[in-house]
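Hi there,

Here is the structure I promised to pass on.

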Amino acid sequence: MKKSHPLRRVVLAGAATVSGIVLLLSLKPASDPGAAQAAGAGAAAQEAAQGGAGAAVPGAVTGDAAQTQYGAVQVRLTVSNGRITKAEAVQAPKGGQSDRITADAVPKLNQAAVTAQSADIDAVSGATFTSEGYRKSLQSAIDRMKASAGASQGAAGAAQVTGTFDGEAAQTQYGAVQVRITVSKNRITKAEAVQAPKGGQSDRITADAVPKLNQAVVTKQSPGIDAVSGATYTSAGYRKSLQSAIDKANASAGAQGSGDRSATPPSKAPEASGNAQAGGTFTGKAAQTQYGTVQVRITVSGGRITKAETVQAPKGGQSDRITADAVPKLDQAAVAAGSADIDAVSGATYTSAGYKESLQSALDQAGG
């Protein structure tokens, strides 16, 4: 199943095809100029720390040093069985007020990285620059982790996916959205909406949102992309269809791993293709928050989340209103994203964080 296991994009497939599937969408381009500069400036240090260019220390991966207005931030990850088990900042701003800010922000960022299993984490209030640098370095470390996994799987003869895959049309309040992706050697090289809402204001919204969504897919290489402001329904439909296209591409990887080395056309992409498709109901661990417990249950069919529900949530006082507003949105977002890589609901930060933590636990169970 983005986001989501390392970062889990929830494509629940059997162990027999994992090596082919994990390769798909595995590398995110290092497009940030600051990260690129830091990589160039710190290449020698990184090679020494990681045992030579591109060689990862067993169990540990260190990201590039990201320069911020107040100093460098550099993140090291400890990885076990493909999961981030520990995150730490080996460099962070210091001196004057930076000492206080770093002492407050870094532990929160470290915890968030382990919880999210991705660089898609919230900035810490009052530590905007440190948070941004942390995320850049964290993404760099994650890129290295994935590259290392891809290299080892490639050496084992994992199939490479190339072809064009059409997602299922996703119905929205304003019309259908359908996404087509072009994949070359396990990377999305192009994304396009072959259907999108039209007529009236939808023409303007579609013209503004779809190019941004297309670009985000190629940049992020996953369905865990942000909604475009003012185009909430179109964005949700886009992500749902995108996940379907990725599922088909992954099914193609499974078919190739079974001996078919040709790219499978979208119309013939075998959704099951001999994979052990996960199905059933999985309840995540109860996540404790400042305002109460959050626990999520998901229903999975054919390797996809078909339903998400909150079996425990904060209640009493204002929590009743916040829960009533936030939980339906989070449930819907989990189904749309197919992962725990979902946005927090405004005004429900703690409930959202607990929800995502419990959701990831449920996904872990579903993924075996």
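Helices here are DSSP runs of H or I with at least four residues, strands are runs of E with at least two, and both are numbered from the N terminus.

Before going further, please note that this is a predicted model, where local features need pLDDT of at least 70 and side-chain atom pairs count only at pLDDT 80 or more, while totals for chains, interfaces and linings use all residues. Residues are numbered from 1 along each chain as its sequence is written, and side-chain values use heavy atoms, with hydrogens and water left out.

Back to the pair. Helix α9 covers residues 318-337, and its axis lies 11 Å from that of α10, at a packing angle of about 40 degrees. Axes are lines fitted to C-alpha atoms, for helices over the stretch in contact, and angles run from 0 to 180 degrees between N-to-C directions. The two helices are therefore oblique to each other (under 35 degrees is roughly parallel, over 145 roughly antiparallel, 65 to 115 roughly perpendicular, and the rest oblique).

Which residues meet there? From α9 they are L330, D331 and A334, and from α10 they are T351, S352, Y355 and L359, where contact means heavy atoms within 4.5 Å.

Helix α10 itself runs over residues 349-366, and its 18 residues reach 26 Å from first C-alpha to last, close to the 26 Å expected at 1.5 Å a residue (that is, 1.5 Å times one less than the number of residues). Its buried residues include T351, S352, Y355 and L359; buried means under 20% relative accessible area, exposed over 50%, and partly exposed in between, with a 1.4 Å probe and protein chains only.

- S202 sits in helix α7 (residues 201-220) and, leaving aside neighbours within four places in sequence, is in contact with Y174 and P197.
- Q243 belongs to helix α8 (residues 232-257); its C-alpha is 9.1 Å from that of V179, 64 residues away along the chain.
- Q117 is not a glycine, yet has a positive phi of about 55 degrees. Q117 is in the loop between α5 (97-116) and α6 (128-155), and is buried at 1% relative accessible area.
- K185 also has a positive phi, near 50 degrees, in the loop between β7 (175-184) and β8 (187-195). K185 counts as exposed, at 58% relative accessibility.

Cheers
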